[in-house]
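The entries follow the order in which I went through it.

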Amino acid sequence: MKTCFILGIAVIGLGACGGSSQDPGSETDIALRSLIQRHGLRGDPAMGRELPSIDEPLAQLGRKLFFSKSLGGDRDSACVSCHHPTLGGGDGLPLSIGVGADDPDLIGPGRSHPDGDLTVPRNAPTTFNIALWEKGLFWDSRVENIDDVGIRTPDTDFGTSDPDAGDSLTAAQARFPVTSADEMRGFEFVLDGTNADLRTALDQRLRDDGRWGAEFQAAFGSSEISYARIAEAIAAYEDSQVFTDTPWRAYVEGDRAAIAEPEKRGALLFFRSRAEGGAGCATCHAGDFFTDEGFHSICAPQLGRGKGDGFLGTNDHGRERENDDRNYRFSFRTPSLLNVSATGPYTHAGAYDNLSDVVRHHLNPRAAIDAFDPSLIPLAASDDFDRNTQEMLDFLEVSGRGIGSFRAPIELGEQDVEDIVRFLETLTDPCVLDRECLSPWIADPATDDVDGHLLVAIDGDRNPL
Ligand code: HEC
Ligand code: HEC
């Protein structure tokens, strides 16, 4: 700037300095530019990666399989039951309902189970941008890369690679939903069989049908059907769901008009440390993908039937369940914040359905927990809420392992919370809010129903999704 000013005085040409490409913008822009540099942001987290296109034959087969109830033991649940593109790549429910739904084809709010019982213990994360995770998948990263060795999965012990995992986290993950009784398997199919028996039974089912061979031929160049190939095709479909073209990215790439002033103020609060008067969000939601892929406890409310932990067996100890390290009790993998406008409800048990509540929770977890009313969360059986919450509070109190604001709340005003929410909304690619833009990822009954078991989704009002 100084150079520019001096040159300007010397009248060597305003054109060289005063052009908009050199204009530093408002004070907020100047402050943000330096934070962007300090945080090493470049804009697009997918930059430099080779990812499949949805038009490739492998991804096209993957779409058919992702939407097929034939991968559900009782043919009443498919991957898309809980990961629909028009529901932000999730299901819009706090906790998912898999097998045994009253109407298996009704996806999202309105989906119900005859027992009124929820069957899945955690919130379904988005499949969007799944290819960008480098360390692990699931809220506790139980499918994870082990440096230079391979991928560890629930089929192997902690720290040991799974020889059948395939060559990506996405393909390794796609081996598991079919094995989960409440998500897809049901309670009768291959009763008492191992995960391997179950997968063999599923690929045998597709072989026996006779119509899938030509589909595998088109995608793989041979009609052989194996679960490894099923997982590879599903992974290609999921990995093609790259949605990173956000207003925030345009801003980082230099378009100062891409986001408005309140959004910029929110960004300042997000990226500034607490010592600088900010909320320090980027210490965990770091980088262009907005996650450090690490594990932290923000003290999020525990709803639903949990994972068998704690005194009542309805708590969820998160990462500790995998690494057996008490320091990780109640810790969960930091979610990415890309497309967050579309991916609610939020947190591992779907406790919050709007962003301002999530932000307020982060600023003062204890106050948010005190004010939290589990009876307002549809479908979440939470009789055990008080006891489970107390266990978490006691643990975090004694261990000191909670998010910093657990001990020392961050004092921000209502306007600040609103600005942070406005900033979070700039992290959403407009495509994910547009049915037409998403249509390449939505199965078409005219072309995709290979064996009569395609899930053709409807919403709670019985309109096509
Ligand atoms: C009944 C609902 C349900 C069904 C059906 C289902 N999922 Fe999920 N999915 C979930 C839930 C819940 C989680 C989080 C579980 C956890 O972290 O413990 C999840 C996690 C994932 C993740 C990891 C996301 C992340 O951010 O780490 C991927 C990828 C995924 N599912 C893909 C699939 C695929 C592929 C299928 C079909 C083979 C499938 N899901 C079927 C509910 C479902
Ligand atoms: C100490 C690390 C840490 C800090 C600091 C942090 N977060 Fe989080 N955040 C997490 C973790 C971990 C979760 C998921 C916790 C869970 O589900 O139990 C989460 C969840 C979220 C979610 C919900 C996302 C989803 O898909 O469910 C949003 C939104 C969010 N954080 C925004 C923020 C904002 C805004 C700030 C700053 C005010 C912030 N976070 C600060 C770790 C952090």
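Entry on Arg 462. I began near the end of the numbering, and in this predicted model I found Arg 462 to be exposed, with a relative accessible area of 52%, because the cut-off for that word is over 50%. I placed Arg 462 in the segment after H19, and I noted that its phi is positive, about 65 degrees, although the residue is not a glycine. I wrote down for comparison that most residues other than glycine have a negative phi.

Is Thr 347 buried or exposed? I found it buried, because its relative accessible area of 12% falls under the 20% cut-off. Thr 347 sits in the loop between E5 and H13, and Pro 345 is found in the loop between strand E5 (332-333) and helix H13 (355-363). The peptide bond that leads from Gly 344 to Pro 345 is cis, and I recorded its omega as near -10 degrees.

Entry on Asp 451. I returned to the segment after helix H19 (445-448), where Asp 451 lies, and I found Asp 451 buried, with a relative accessible area of 8%. Which residues does Asp 451 touch, if those up to four places away in sequence are not counted? I listed Ser 68, Ser 70, Asp 209, Arg 211 and Trp 212. For Ser 70 I also noted the separation, which is 381 residues in sequence but 8.2 Å in space, C-alpha to C-alpha.

Entry on the domains. I next checked how the chain is divided, and I found domain 1 (57-241 + 434-448) and domain 2 (247-430). Their centres, taken over C-alpha atoms, are separated by 27 Å, and the contact takes 33 residues from domain 1 and 36 residues from domain 2.

Entry on the second largest pocket. I looked up its volume and noted about 750 Å³ of space. Of the 38 residues that line this pocket, I recorded Phe 138, Arg 142, Gln 173, Pro 177 and Glu 183 as the closest to its centre. The elements that each give two or more residues to the lining are helix H5 (169-173), helix H6 (181-185) and helix H9 (227-239). I sorted the lining residues by kind, and they divide into 20 nonpolar, ten polar and eight charged.

Entry on helix H11. I went on to helix H11 (residues 261-271), where eight of the eleven residues are buried, so I described this helix as largely enclosed by the rest of the structure. The buried residues of H11 are Glu 263, Lys 264, Gly 266, Ala 267, Leu 268, Leu 269, Phe 270 and Phe 271. What covers them includes helix H3 (27-38), helix H10 (247-252) and helix H17 (414-425).

I placed His 83 in the loop between helix H4 (57-66) and strand E1 (136-137).

Note on methods
Residues are numbered from 1 along each chain as its sequence is written. Chains are lettered from A and ligands numbered from 1 in the order in which they are written. This is a predicted model: local features need pLDDT of at least 70, side-chain atom pairs count only at pLDDT 80 or more; totals for chains, interfaces and linings use all residues. Side-chain values use heavy atoms; hydrogens and water are left out. Helices (H or I, at least four residues) and strands (E, at least two) are DSSP runs, numbered from the N terminus. On a 1 Å grid over the protein atoms alone, a cavity is a set of points where a 1.4 Å probe fits but cannot get out, and a pocket is an open set with protein on both sides within 12 Å along at least five of seven lines; lining residues have an atom within 4 Å of a point. Grid points are joined across faces, edges and corners, and a volume is the space filled by probe spheres set on the points. Ala, Val, Leu, Ile, Met, Phe, Trp, Tyr, Cys and Pro count as nonpolar, Asp, Glu, Lys and Arg as charged, and the others, Gly among them, as polar. Buried means under 20% relative accessible area, exposed over 50%, partly exposed in between (1.4 Å probe, protein chains only). Contact means heavy atoms within 4.5 Å. Domain bounds come from an automatic or database domain assignment.
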